Amino acid sequence: MQVDAVVLDVDGVLVDVADSYRRAIVESIERVYGRTIDRGAIQAFKNAGGFNNDWELTDAAALYVLARADGLELDVEEFTARIADAGGGLEGAKTVLETLPDESRAAVLDAWDPDRLREVFQALYLGADLYRELEGGEPPFETSGFIADEPVLVRPGTISTLRSRFDVGVLTGRPASEADIALDRAGLDLPSSRRFTMDDWEEGKPHPRALRTLAERFDADVVAFVGDTLDDVRTARNADEADPDRVYYGIGVLTGGLTGESGRETYASAGADAVVEDVNALVDLLERRT
């Protein structure tokens with residue numbers, strides 16, 4: 001696969017977030033409502049699309065938990081399939097709630113507290129000290145933070161090789177401050193012009209604007225975007241459709257929620273151009289376009 005530029009997602013690509021962000025989703029709901037979803041259910045929400053922002057995924061999963069307690073008879077797979085049919089994301093989850101009687105739906109929305117969920121999520125993920133530094137206030141409780149439990153997936157040699165061969169950028173749903181921490185651990189120091197974070201664009205994945213902008217900044221004709229979710233692949237597909245002057249490849253890695261042969265098949269169904277075991281396999285997959 002010959003390319004000019006490589007754009008990398010962070011979570012599930014450069015660092016493993018199974019015991020940090022994904023754990024924070026499950027435990028935030030548990031702390032606020034006393035019940036929660038299984039960690040494995042997170043991937044069903046991710047596959048539904050529109051959940052590049054884990055705060056919004058937490059909100060949607062909380063709506064599901066509350067709705068189940070108030071009469072919703074859908075299991076997670078059915079609920080998230082309906083979210084996908086409704087266009088994905090948090091708005092899709094709210095649309096699914098319209099199947100509840102008016103009184104039940106009103107009770108669910110009244111109990112739902114996105115501000116509290118976000119506060120608890122950030123306290124669990126960041127820990128007390130980073131919460132004070134990045135959130136600018138006192139955390140709701142003291143904890144060391146799941147952010148310390150993010151093993152680096154990319155080898156230093158991979159970073160060095162990719163940067164020597166290609167223009168390299170980053171496109172992530174993380175807030176900028178949290179992206180800084182992960183990129184520092186991964187050994188990937190990039191100027192702001194070569195990355196997009198949650199703070200840099202409103203649309204989020206799979207909207208193609210950020211990826212197209214990076215391609216323009218690199219003056220690249222062929223771009224590979226590497227991610228761990230279907231929305232990452234969809235971002236590349238959408239960019240390819242919206243930008244006829246360039247070629248965009250969507251490459252999935254099997255180090256996020258999609259794994260094994262079933263992960264390969266799921267990526268293929270979303271139009272992935274390639275699937276690799278991990279980000280380090282890019283060295284053998286990609287060649288500089290001449």
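Reader: What makes up the accessible surface of the protein chain, and how large is its carbon and sulfur share?
Author: The accessible surface is about 12300 Å², and 41% of that belongs to carbon and sulfur atoms. Areas come from the Shrake-Rupley method with a 1.4 Å probe, and for residues only the protein chains shown count as cover. This is a predicted model: local features need pLDDT of at least 70, side-chain atom pairs count only at pLDDT 80 or more, and totals for chains, interfaces and linings use all residues. Residues are numbered from 1 along each chain as its sequence is written, and side-chain values use heavy atoms, without hydrogens and water.

Reader: What share of the 290 residues counts as buried?
Author: The share is 52%. Buried means under 20% relative accessible area (1.4 Å probe, protein chains only).

Reader: Why is the protein chain called as compact as a globular protein of that length?
Author: First, the chain has 14 helices and 8 strands. Helices are DSSP runs of H or I, at least four residues; strands are runs of E, at least two; both are numbered from the N terminus. Its radius of gyration is 19 Å, close to the 19 Å from the globule rule for 290 residues, so the chain is as compact as such a protein. The radius is taken over C-alpha atoms, and the rule is 2.2 Å times the number of residues to the power 0.38.

Reader: Why are strand 4 and strand 7 said to stand at the edges?
Author: 6 strands form an open, parallel sheet in the order 4-3-2-5-6-7. Strands pair if DSSP finds at least two bridges between them. Strand 4 (195-196) and strand 7 (274-276) each have a single partner strand, so one side of each lacks a neighbour in the sheet.

Key:
Buried < 20%, exposed > 50% of the residue type's maximum accessible area, 1.4 Å probe, protein only.
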